[in-house]
Amino acid sequence: MTVEEFEEFYAHAVRRLIGQLFLVTGDLREAEDVVQEAFVRAWGARRKLDREGSPEAWVRLTATRLAISRWRRRTRSVEAWLRVGSSLSSAATAASEPGPDAVAVARALRSLPARRRLAVVLFYVCDLPVEQVAAEAGMSAGTVKTHLSRGRRALAPLLDDSLEPEEHDV
């Protein structure tokens, strides 16, 4: 992949990947950071990306793995602070979230376990087939299907506002 091809790939994919990772992480800044880090790694692996033919999937998988690693590291850090009696300020952990629809979706997705959330985002947001979700998430296709079914069931009451009357309808 030449420099020009990589720049074109970056320009074409970065916003979509940030949006996808935002739904996985629930934090726009975190999503931007892991996607940028994944693109830095992709730059170093661009010959490999050229051979494999799916650079966007490679960057998405790398960014997802980075997000999971950061989440684990943060969780361990918080647990350590709690053990010594200190607490983190809410300002340090506050998420930056855009628009009300994105907030509602991200909030609903955060209620899902991490692996289920990843499967739901890769399938419904990234529009990947079950087999590719399975490959990227390190799960079997059957497990992905189970996560998708349970994810839909869990998200339905959180996102279904069709039963609530509109203000102008009352």
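Is Glu5 buried, or is Glu5 partly exposed? Select Glu5 in your viewer and look: with a relative accessible area of 43%, Glu5 is partly exposed. Keep in mind as you go that this is a predicted model.

**Stop 1: a charged patch**

Glu5 is found in helix H1, which runs over residues 3-25.

**Stop 2: a network of salt bridges**

Next, select Arg16, Glu56, Arg60 and Glu136. These residues are linked in a network of salt bridges. Side chains of opposite charge can pair when their charged atoms come close.

Begin with Glu56 and Arg16, which form a salt bridge whose closest N and O atoms are 2.7 Å apart. This pair links distant parts of the chain, since Glu56 sits in helix H4 (residues 55-83) and Arg16 in helix H1, 40 residues apart. Colour them by accessibility if you can: Arg16 counts as partly exposed because its relative accessibility is 34%, while Glu56, at 18%, counts as buried.

Stay on Glu56 and turn to Arg60. Their side chains meet in a salt bridge too, at 3.9 Å from N to O. Both residues lie in helix H4, 4 residues apart, which is about one turn of the helix. An α-helix has 3.6 residues a turn, so residues three or four places apart point the same way.

Arg60 also forms a salt bridge with Glu136, with the closest N and O atoms 3.2 Å apart. Here again distant parts of the chain are linked: Glu136 is in helix H8 (residues 130-137) and Arg60 in helix H4, 76 residues apart. Arg60 counts as buried at 4% relative accessibility, and Glu136 counts as buried at 9%.

**Stop 3: a nonpolar patch**

Now select Val105, Leu158 and Leu159. They make a nonpolar surface patch of about 230 Å². Val105 has its place in helix H6 (residues 100-110) and, at 31% relative accessibility, counts as partly exposed.

**Stop 4: along helix H7**

Finally, select residues 114-125, the 12 residues of helix H7. How far apart are the end C-alpha atoms of H7? They are 15 Å apart, which agrees with the 16 Å that the helix should span at 1.5 Å a residue. Among the buried residues of H7 are Arg116, Leu118 and Val121.

Technical notes
Residues are numbered from 1 along each chain as its sequence is written. This is a predicted model: local features need pLDDT of at least 70, side-chain atom pairs count only at pLDDT 80 or more; totals for chains, interfaces and linings use all residues. Side-chain values use heavy atoms; hydrogens and water are left out. Helices (H or I, at least four residues) and strands (E, at least two) are DSSP runs, numbered from the N terminus. Buried means under 20% relative accessible area, exposed over 50%, partly exposed in between (1.4 Å probe, protein chains only). The expected span of a helix is 1.5 Å times one less than its number of residues. Patches are made of residues with over 30% relative accessible area and no salt bridge: like charges are joined within 9 Å, nonpolar side chains (Val, Leu, Ile, Met, Phe, Trp, Tyr) within 5 Å. Accessible areas come from the Shrake-Rupley method with a 1.4 Å probe; for residues, only the protein chains shown count as cover. A salt bridge is a side-chain nitrogen of Lys or Arg within 4 Å of a carboxyl oxygen of Asp or Glu.
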